[in-house]
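Thanks for coming, everyone. Have the model up on your screens, and let's walk through one part of it together.

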Amino acid sequence: METAEVTVPKTYPEALAAWQMERVRNAAIQEALEAKLRGLQQQLDWFRRQLFGQKSERRVPPPPAEQLSLGQEFAAEQAPQVPLRTVAGHTRRTPKRPEERAESLPCFDESKIPSETILLLAPEAEGLDPDAYEIIDTKVSYRLAQRPGSYALLPSNPFTKALLYVRSRKGPLQVFLEDPDVPIDTNEIERQIRPIPLGKRNWLFCWTELGAEHLGIIQSLLSTCRLQGVDPYDYLVDVLQRVSTHPAKDVAQLTPRLWKEHFAANPLRSDLYRIHNHH
C-alpha cells in the first residue's frame with residue numbers, strides 16, 4: 001500500500017505560498033462546478049419546454065397583459081358595516097333581537113297553554129356577588145314540558161303531515177298484521193318497478209292516456225310475475241289464449257299468483273314453440 005507524503009512548510013513564506021496555491025486550486029474547482037451547474041440548468045430548462053411547452057395540455061399559459069381580470073375591472077361590493085357598541089374593556093358586536101336569536105319551535109298559544117320563564121345564570125357566575133360580574137348578553141331558548149296539552153302543532157308542520165298520511169291510510173298499513181304473507185314494507189315492489197321510471201322517455205309515445213293506463217297494467221303484471229317466480233313470456237302466451245274461453249267468474253285465476261297454482265304445470269304454448277320443438 002502506497003502512502004502519500006505531505007510536505008509541511010517550515011517557514012512563514014512557504015506556508016503563505018502553499019495557502020495561495022490551495023486557494024487557486026479551490027477557485028478552479030468552484031468554477032468547474034458552477035459551469036457544470038449551468039449546463040445542468042440548461043438541460044432542465046430544455047426538458048421543461050419539451051414537457052410543458054405551448055403544445056402541452058399541462059401548461060397553463062399566463063393571461064395576456066392587455067386583458068384585465070374581473071377583480072381589476074369590477075370592484076367587490078363591501079359588506080355593510082356591523083354596528084358596534086362599547087362595553088367595559090373591549091368592543092363587541094350588537095346582538096341580534098331576541099326573536100332572531102331564539103330557537104325554532106312549534107307554534108303554541110300562551111293564552112291556552114301555561115308557560116313559565118326560568119332564568120339560568122352561566123355556570124361561571126354561580127356563587128359570585130352580582131357586583132363581581134356584568135351581564136353582556138342573554139340567550140333565549142324554549143323547552144316543552146312533558147305533560148299533556150303542553151304543545152300544539154300547525155297543519156304545515158312536517159310531523160303533522162306524516163301523522164295525517166298514516167291516519168288516512170290506516171287500513172292498508174295494517175294489512176300485514178292480519179296476513180303474514182304481506183311484507184311490512186313495499187321495498188321489493190319498488191325494486192321491481194324501478195325499470196319503469198328508467199324508461200320514462202319511452203312512455204312519451206303511448207299516444208293517449210288510455211294507452212299509458214294499459215301500459216301500466218302490463219308493467220304491473222310483469223312485475224307480479226317476477227315476484228311469483230313466473231316467466232312473463234309463458235304467462236302472457238297462456239293468458240292471451242285462455243282469456244277468451246275462461247269463465248268470467250273465475251277471472252281471478254288468471255292473475256300471476258293463482259295462474260301459477262292452476263296452469264303453470266301445463267301452460268298453453270304458441271305455434272312458434274311447437275314448430276321449434278318439432279324441428
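So, the largest nonpolar core has seven residues in all: Cys 225, Val 230, Tyr 235, Val 239, Leu 254, Trp 259 and Phe 263. A nonpolar core here is a set of buried Ala, Val, Leu, Ile, Met, Phe, Trp, Tyr and Cys residues joined through side-chain atoms within 4.5 Å. Buried means under 20% relative accessible area, with a 1.4 Å probe and protein chains only.

Quick housekeeping: this is a predicted model, where local features need pLDDT of at least 70, side-chain atom pairs count only at pLDDT 80 or more, and totals for chains, interfaces and linings use all residues. Residues are numbered from 1 along each chain as its sequence is written, and side-chain values use heavy atoms, with hydrogens and water left out.

Which residues does Leu 254 touch, leaving aside neighbours within four places in sequence? Those in contact (heavy atoms within 4.5 Å) are Tyr 235, Val 239, Arg 242, Val 243, His 246, Trp 259 and Phe 263.

Along with Cys 225, the buried residues in α9 are Gln 219, Leu 222 and Ser 223. Down the axis of α9, they fall within an arc of 155 degrees, so they line one face of the helix; that arc is taken from the directions from the helix axis to the C-beta atoms. Their cover includes α7, α8, α10 and α11. After α9 comes Gly 229, with a positive phi near 70 degrees.

Methods. Buried means under 20% relative accessible area, exposed over 50%, partly exposed in between (1.4 Å probe, protein chains only). Helices (H or I, at least four residues) and strands (E, at least two) are DSSP runs, numbered from the N terminus.
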